[in-house]
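Please keep the sequence and the model in view while reading.

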Amino acid sequence: MRRIYILLSQTNTVLARSIRKCTGTEFSHTSISLDGNYEQMYSFTRKYPNNPVIGQMKRETFDTGVFGKSKECLCQIYTAEVTEEQHAKIKEKIDYFLNSKKEFKFNNLGLFACWFKIKMPRKYKRVCSQFVAECLDYACPEIEMPKHFWIMQPEDFKFVKNIHMIYRGKMKDIPIGLSEEEIAERIEKYKGYNPLEFSKHKNKKKSNKKVKK
């Protein structure tokens, strides 16, 4: 058996803050890693760190790009056990995107389509959450999405079935290279996590504001 890892992040770029404000969600970016050292981590993201318009499929690291400027950002990590065959299929899908990255571009229009839950298939366009969900959908049918991959948003990964949360905290404190025993301990630690917690807190704050008025 092998493991894959799904990273949700709350980077502090203007676009990321705008997405969270418009959608009322906690996270604005999704990445997938094929190893627990996060050396094989991929997503659709900015081609150039300071240009929010031009994006493409990229290998990501914690020390470069937007992540390199976001050490204090909030992250949440999930993991799932997969077979050797499933792991190979996910890598096959990722390689397809990497080998075709001149054709594939960031799906700017798809951001709005996801917000409004409109399926808008675009052959050579993806956003980060569409890409990760498509990889999982292609290789791991037991990892059940709450929505079709065309309308998945980063926040929706909190509700994916058969993946397990192992971390919530700052990007700079993400644990690298966990053993299976440590992963099991972390799954146990977070098994009571309520994915609606942020929304409830947000709604409570709104209610308090109304009372004060």
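Seven helices and eight strands make up the secondary structure of the protein. The model is a predicted one. Of the 213 residues in the protein, 47% are buried. Among contacts with a separation of 6 or more, 63% join residues 24 or more positions apart. The protein exposes about 11400 Å², and 52% of this area is supplied by carbon and sulfur atoms.

Strands of a sheet pair through backbone hydrogen bonds, either parallel or antiparallel. Here six strands form an open sheet with antiparallel pairing, in the order S4-S3-S2-S1-S5-S8. Strand S4 (55–60) and strand S8 (164–170) are at the edges; each has a single partner strand, so one side of each is left without a neighbour in the sheet. From one strand to the next, the twist averages 25 degrees.

Within the sheet, strand S1 (residues 2–9) pairs with strand S5 (residues 74–82) in the antiparallel sense, over eight bridges. Leucine 8 stands opposite glutamine 76 in S5. Helix H3 (residues 84–99) packs on the sheet, where it touches S1, strand S2 (29–33), strand S3 (41–46), S4 and S5. The direction of H3 makes about 50 degrees with that of S1. Another helix, H6 (residues 180–190), lies across S1, S5 and S8 and runs at about 80 degrees to S8.

Leucine 136 is located in helix H5, which covers residues 128–139. Is leucine 136 buried or exposed? Its relative accessibility is 0%, so leucine 136 counts as buried. Not counting residues up to four places away in sequence, leucine 136 touches Ile4, Ile6, Ile32, Ile90, Pro141, Ile143, Met145 and Phe157. Leucine 136 is also 9.0 Å from glutamine 86, C-alpha to C-alpha, although 50 residues separate them in sequence.

Serine 129 is found in helix H5 as well. Serine 129 has a relative accessibility of 3% and therefore counts as buried, the cut-off being under 20%. Which backbone atom does the side chain of serine 129 reach? The side chain of serine 129 reaches the backbone oxygen of methionine 152 at 2.6 Å. Met152 is also among the residues that serine 129 touches, together with Thr30, Gln153, Pro154 and Phe157, again leaving out residues up to four places away in sequence.

Conventions: Residues are numbered from 1 along each chain as its sequence is written. This is a predicted model: local features need pLDDT of at least 70, side-chain atom pairs count only at pLDDT 80 or more; totals for chains, interfaces and linings use all residues. Side-chain values use heavy atoms; hydrogens and water are left out. Helices (H or I, at least four residues) and strands (E, at least two) are DSSP runs, numbered from the N terminus. Buried means under 20% relative accessible area, exposed over 50%, partly exposed in between (1.4 Å probe, protein chains only). Contact means heavy atoms within 4.5 Å. Two strands pair if DSSP finds at least two bridges between them. Axes are lines fitted to C-alpha atoms, for helices over the stretch in contact, and angles run from 0 to 180 degrees between N-to-C directions. Accessible areas come from the Shrake-Rupley method with a 1.4 Å probe; for residues, only the protein chains shown count as cover. A polar contact is a pair of N or O atoms within 3.5 Å; within protein, one must be able to donate a hydrogen and the other to accept it, and residues adjacent in sequence count only if both atoms are side-chain atoms.
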